[in-house]
Amino acid sequence: MNGIDKITARIEADAVADAARIAEETKTQCDSIREEGEKKAQEHYWEKVRQGMKATEERSQRLAKTADMEARKSVLACKQEIVAEAFTKAEERVRALSGDKYISFLASLAARAAVTGTEELVLSAEDKKNIGNKVLSKANAQLTAAGKPGRLTLASETGSFTGGLICRKGSVSVNCTIEVLMAQAREDMASQVAGSLFS
């Protein structure tokens, strides 16, 4: 019995040793798997953090660009509004001319628009009635002083505009009404006016 007890004890001791060794190996493998899992989890976590930061930065840049573009649009709209207001005020000042200043303004327009010095002038009904002859006389004097024939005449009909005139010879006419002059000025001088206002 002693020999069997010894063999049994030895088998039991070997089994305990094997179990302890297997348990240790298993623990080591589990620790290794856990460390590898934690390492991969950390890498995955930091990759997600980097992706999130990159996405946030890109979104922030897009928002900044959009805000910058909107700000530029807003500034441009304000500038255009101010330029339009400047032209509106200029037109109001021209329309507010009266007396000798308005007569001189119309005469100057007629003298500059006349090519031959023998054109006819179309004025508004009110201007023709009130100052037509004075405009004609002054414009002819300017033409004569410039060495051109000063033989402008008043057209029999009147124009349906509120200010300015039309200088006409046959089928050729030069429109010097305030509306047309201001529209041309806006087209030709808008950038200059903007430059002066916002330099």
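Analyst: A residue is called buried under 20% relative accessible area, exposed over 50% and partly exposed in between (1.4 Å probe, protein chains only). The model is predicted: local features need pLDDT of at least 70, side-chain atom pairs count only at pLDDT 80 or more, and totals for chains, interfaces and linings use all residues. Residues are numbered from 1 along each chain as its sequence is written, and side-chain values use heavy atoms, without hydrogens and water.

User: Fine. How exposed is Trp 46, then?

Analyst: Trp 46 has a relative accessible area of 43%, so the residue is partly exposed. Tyr 45 falls in the partly exposed class as well, at 45%.

User: How many aromatic pairs turn up in the whole structure?

Analyst: The search finds 2 aromatic pairs. In one of them, the ring centres of Tyr 45 and Trp 46 lie 4.9 Å apart with the planes at 75 degrees, so this pair is edge-to-face. Rings of Phe, Tyr and Trp (its six-membered ring) pair if their centres lie within 6.5 Å; planes under 30 degrees apart are stacked, over 60 edge-to-face and the rest tilted.

User: And how are Tyr 102 and Phe 105 arranged?

Analyst: Their planes are at 25 degrees and their centres 6.4 Å apart, so Tyr 102 and Phe 105 form a stacked pair. Both belong to helix H2 (residues 99-113), where a spacing of 3 residues separates them by about one helical turn. Tyr 102 has a relative accessible area of 10% and is therefore buried.

User: What does Asp 127 touch?

Analyst: Tyr 102 is one of the contacts of Asp 127, along with Leu 106, Gly 132, Gly 163 and Gly 164, once neighbours within four places in sequence are left aside. Contact here means heavy atoms within 4.5 Å. Asp 127 sits in helix H3 (residues 125-145), and its relative accessible area of 9% makes the residue buried.

User: Changing topic: where is Gly 117? Buried or exposed?

Analyst: Gly 117 is in the loop between H2 and strand E1 (120-123). Its relative accessibility is 0%, so Gly 117 counts as buried. Beyond residues up to four places away in sequence, Gly 117 touches Leu 143, Pro 149, Gly 150, Arg 151 and Leu 152.

User: How many helices and strands does the chain have, and in what order do they run?

Analyst: The chain has 4 helices and 4 strands, in the order α-α-β-α-β-β-β-α from the N terminus. Helices (H or I, at least four residues) and strands (E, at least two) are DSSP runs.

User: What is the radius of gyration of the chain?

Analyst: The chain has 48 Å, whereas a compact globule of 199 residues would be near 16 Å. The value is taken over C-alpha atoms, and the globule rule is 2.2 Å times the number of residues to the power 0.38. Along the principal axes, the C-alpha atoms fill a box of roughly 155 × 30 × 30 Å.

User: And what share of the residues is buried?

Analyst: Buried residues are 21% of the 199 in the chain. Of the contacts with a separation of 6 or more, 74% join residues 24 or more positions apart.
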